[in-house]
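Subject: Structure handover and notes

Hello,

Here is the structure for you to look over. My notes follow below it.

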Amino acid sequence: MKNIKETLFTKKNIEIGPESGYDNYIMAIESSCDETACAIVKNGREVIANVVASQIKTHAKFGGVIPEIAAREHLDSINIVIEEAFSQAKDIAGINPEDITAFAGTVGPGLVGCLLVGLNAAKTLALVYDKPFIGVNHLNAHLCGNYIDTELKPPFMALLVSGGHTQIIDVKSYSEQYILGETIDDAVGEAYDKVARLIGLPYPGGPRLDKLAQEGNPKAFHLPEAKVDGYNFSFSGLKTAVLRLVKSFDGKEMPVNDICASFQECVSSTLLKKLKRAAEEKGYKQIVIAGGVAANSEIRRKIFSLEKEGYSVFAPSMKYCTDNAAMVASCAYFNTNTFDDINVEVFSRVK
Ligand code: KG4
Ligand code: ZN
């Protein structure tokens, strides 16, 4: 008897991506953390449907994401977001499920129980509609959020800042990229969330801290910038410095806005310096930021200020910065490394 997996998935002759020569409609599912999302994107750039079910309300009760609860919420939402995406595609573009070129799903990094929900849904859709399945790396997908609604083409220097990762990436082509540096301890988003908790802000801390920082004085407190080799980063010392600062008020009323602004100033200037140096070294004139923290007002302002120095700067619109499935669909289209493999499994950390 033939291996059923081989029988069902031998579609390697179907070309997908910019070289395919025909219109691609990719449906993707994202469920790596606390958003259940489904999207349909035409040719990697044009969003036909985009649905996101956020779990913020649930996790706010616990002050953070509880993996088991998150996975159960994904199960509750997954069919709803898929149905809604199909319905939007039908209404907006007359696209039916049979018109989908391939189905894609995030395979990692992320919370394993959460990833399994979206990945199995995407694989099932591929089987039902007899189409290829494409497994997508969540970090690559964040970068690809920049292709949506733009004409951006590699090469470019990218800064990826999310809840779990901080990387400077040399993107040479759609499928060839090199990590030049990354954090040696906390990711930027993690540092935001931890500092937010230290000063008593509710979950999700990052965006709240950003808001308060905009009302504060960034020069109020001098916080130390970690000296780390090359293009690597470290943010745990900064977090400890904020802890010490908070303790120094010894229960007295804290200038919360000034603490937030000073922290944000330190983080954003560190990121700017290294990103600019990497772009200069490689001679790139295009700079890209991506990931949830790319929604941060000061990081965006500083990096967009490089336009005055002749750089073209790209950042996804806010809804494509934090987790969404449109970026996953775009990645399945552009990143031809991960093609048509139903056997692909989830992973929690970057291998
Ligand atoms: O990319 P993302 O949605 O999920 C991961 O893949 O990790 O990023 C979530 C992170 C969280 O740490 C959140 O606090 C942070 O992005 N974040 C922000 C802002 N918006 C989201 N951090 C600082 N300022 C913001 N405006
Ligand atoms: Zn993410």
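**A buried threonine**

Threonine 270 is buried, with a relative accessible area of 8%. Buried means under 20% relative accessible area, exposed over 50%, and partly exposed in between, using a 1.4 Å probe and protein chains only. Threonine 270 sits in helix 9 (residues 256-282). Helices (H or I, at least four residues) and strands (E, at least two) are DSSP runs, numbered from the N terminus. Setting aside neighbours within four places in sequence, threonine 270 is in contact with Glu225 and Phe233. Contact means heavy atoms within 4.5 Å.

**Ground rules**

This is a predicted model: local features need pLDDT of at least 70, side-chain atom pairs count only at pLDDT 80 or more, and totals for chains, interfaces and linings use all residues. Residues are numbered from 1 along each chain as its sequence is written, chains are lettered from A and ligands numbered from 1 in the order in which they are written, and side-chain values use heavy atoms, with hydrogens and water left out.

**Lysine 302**

Lysine 302 belongs to helix 10 (residues 297-304). Lysine 302 is buried, at 9% relative accessible area. What does the side chain of lysine 302 make a polar contact with? The partner is the side chain of glutamate 265, at 2.9 Å. A polar contact is a pair of N or O atoms within 3.5 Å; within protein, one must be able to donate a hydrogen and the other to accept it, and residues adjacent in sequence count only if both atoms are side-chain atoms. Beyond its neighbours within four places in sequence, lysine 302 is in contact with Glu265, Ser268, Ser269 and Leu272.

Histidine 138 and histidine 142 are four residues apart in helix 5 (residues 138-144), so about one helical turn separates them. An α-helix has 3.6 residues a turn, so residues three or four places apart point the same way. Histidine 138 is buried, with a relative accessible area of 7%. Histidine 142 is buried too, at 2%.

**Ligand 1**

There are 18 residues around ligand 1, and His142, Gly163, Asp193, Asp210 and Gly292 come nearest. A residue counts as near a molecule or strand if one of its heavy atoms lies within 4 Å of it. A polar side-chain atom of histidine 142 lies 2.9 Å from an oxygen atom of ligand 1. For aspartate 323, a backbone N or O atom lies 3.3 Å from an oxygen atom of ligand 1. Asparagine 296 has a side-chain N or O atom 3.0 Å from a nitrogen atom of ligand 1.

Strand 7 (residues 166-171) is mostly covered, with six of its six residues buried. Both faces are covered: Thr166, Ile168 and Asp170 lie on one side, and Gln167, Ile169 and Val171 on the other.

Strand 7 runs antiparallel to strand 6 (residues 156-161), and six bridges join them. Two strands pair if DSSP finds at least two bridges between them. Leucine 159 has isoleucine 168 as its bridge partner in strand 7. Strands 6 and 7 form a hairpin with four residues between them.

Strand 8 (residues 177-182) is also antiparallel to strand 7, with five bridges. Here valine 171 is partnered by glutamine 177. The hairpin from strand 7 to strand 8 goes through five residues.

**Helix 4**

Helix 4 (residues 112-129) has 18 residues. From first C-alpha to last, helix 4 reaches 26 Å, close to the 26 Å expected at 1.5 Å a residue. The expected span is 1.5 Å times one less than the number of residues. Its buried residues include Cys114, Leu115, Val117 and Lys123. Among the elements that cover them are strand 1 (25-30) and helix 3 (67-93). Just after helix 4, aspartate 130 takes a positive phi of about 55°.

Best wishes
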